[in-house]
Amino acid sequence: MDREITHSQAVNEAIAEEMRRDSTVILLGEDVAEAGTPFKVLSGLVEEFGTERVIDTPIAEPGFMGIAVGAAMTGMRPIVDIMFGDFLFLIMDQLCNQAAKTHYMSGGKLNVPLVVRTNLGATRRSAAQHSQSLHALVAHIPGLKVALPATPYEAKGLLKTAIRDDNPVVIFEDKLSYQMKGNVPEEEYLIEFGQANLLREGNDVTLIGTSSMVQTCVAASDLLAEKGISAEVLDPRTIVPLDERAILESVRKTSRAVVVDEGHQNYGITAEIAARISEKAFYHLDAPVIRLGAMDVPVPFSPALEDLTVPTPELVAEKALSICRGELVHDA
């Protein structure tokens, strides 16, 4: 039976259910126990599971990430809470050189079943060091899986799958989505990695969005419908593994694609998805694949400037309309 809960509640439920199911699941990070994190996502967990399983750490990300890697190698399933995605830079050695490579370097004898929970997203007025979307960095590393939930339903289902996975998983939640409400079943469910979600069917153009950009693409499809353009909207859900089959099937049907992601546009997720479409669906395309990412600038603190750095529904609709009309093809 479905009920409507927030993204924040969905994350909390996922962790609580997995901790009840499996005593090897632990949670550690800054302020996860007493404060319940700055976004109050984890409130109540320490009261149920105690401080031996919900562990407040010092402000020392490299240290507690190293502890988590060791714990995972020796039988635990840690969930590591990294307060802001920007702090990934502090744990890159432990995550990318140790956790990601241990299974390979041990000849398959060791696993590192841990989850890094963190966030992404601008337009929260948090300035350049607390507003970045860095999922492309970890998606570049073999051995890591990367999930990007866009709704409360996905937030719960993907996190439960991540906790049960025997590989290290990094899951990014959009900071502005924590109070978003959506239907989430009361009964247990999992969302398999590598399976995209088709939100809307269309015939003229495919809009591929990640994380909060899924809602941007849905809003853009409404704007396009007013212009008589039928847009298909696809949410990959995970970028590693990526549901390439679903993306290619959609683009082969519509013959046009706009890829939208909140990470910086240069060398980012939009480039990877666009490249795969160009390589494997080239002869089905009626127009170039269009990429829309965040501006390649540090995220400004100024609200007026910050809002300009992230793709909007209006911009997505404008670009989609252009390729449907053949305008960008003629300009090339």
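Tutor: The protein chain has 13 helices and 14 strands, where helices (H or I, at least four residues) and strands (E, at least two) are DSSP runs numbered from the N terminus. The radius of gyration is 20 Å, close to the 20 Å that the globule rule gives for 332 residues, so the chain is as compact as a globular protein of that length. That radius is taken over C-alpha atoms, and the globule rule is 2.2 Å times the number of residues to the power 0.38.

Student: What should I know about the origin of the coordinates?

Tutor: This is a predicted model: local features need pLDDT of at least 70, side-chain atom pairs count only at pLDDT 80 or more, and totals for chains, interfaces and linings use all residues. Residues are numbered from 1 along each chain as its sequence is written, and side-chain values use heavy atoms, with hydrogens and water left out.

Student: What does the C-alpha trace span along its principal axes?

Tutor: The span is about 60 × 45 × 40 Å. Buried residues make up 57% of the 332 residues; buried means under 20% relative accessible area, exposed over 50%, and partly exposed in between (1.4 Å probe, protein chains only).

Student: Let us take one residue. Is Glu154 buried or exposed?

Tutor: Glu154 counts as buried because its relative accessibility is 1%. This residue lies in helix H7, residues 152-164.

Student: Which residues does Glu154 touch?

Tutor: Leaving aside residues up to four places away in sequence, Glu154 touches Leu148, Pro149, Leu159, Ile191, Asn197, Asp235 and Arg237. Contact means heavy atoms within 4.5 Å. Glu154 and Ala10 are 144 residues apart in sequence, with their C-alpha atoms 8.7 Å apart in space.

Student: Changing topic: how much space lies in the largest pocket?

Tutor: The largest pocket holds about 330 Å³ of space. On a 1 Å grid over the protein atoms alone, a pocket is an open set of points with protein on both sides within 12 Å along at least five of seven lines, whereas a cavity is a set where a 1.4 Å probe fits but cannot get out; lining residues have an atom within 4 Å of a point. Grid points are joined across faces, edges and corners, and a volume is the space filled by probe spheres set on the points.

Student: What lines the largest pocket?

Tutor: Its lining has 18 residues, of which Ala136, Ala139, Tyr267, Gly268 and Ile269 lie nearest the centre. Helix H10 gives the largest share, four residues. The lining divides into 10 nonpolar, six polar and two charged residues. Here Ala, Val, Leu, Ile, Met, Phe, Trp, Tyr, Cys and Pro count as nonpolar, Asp, Glu, Lys and Arg as charged, and the others, Gly among them, as polar.

Student: Why is the largest pocket said to lie between the domains?

Tutor: Domain 1 (2-185) and domain 2 (197-324) both give residues to its lining, so the pocket lies between them. The domain bounds come from an automatic or database domain assignment.

Student: And how many cavities of 30 Å³ or more are there?

Tutor: The search of the whole structure finds two. The largest cavity has a volume of about 80 Å³, and Ser131, Glu262, His264, Ala294 and Val299 lie nearest its centre among 13 lining residues. Both domains give residues to the lining of the largest cavity, so it too lies between them.

Student: What about the second largest cavity?

Tutor: The second largest cavity holds about 60 Å³. Its lining includes Thr37, Asp81, Arg117 and Tyr178, and strand S5 (residues 115-120) gives the largest share, three residues.
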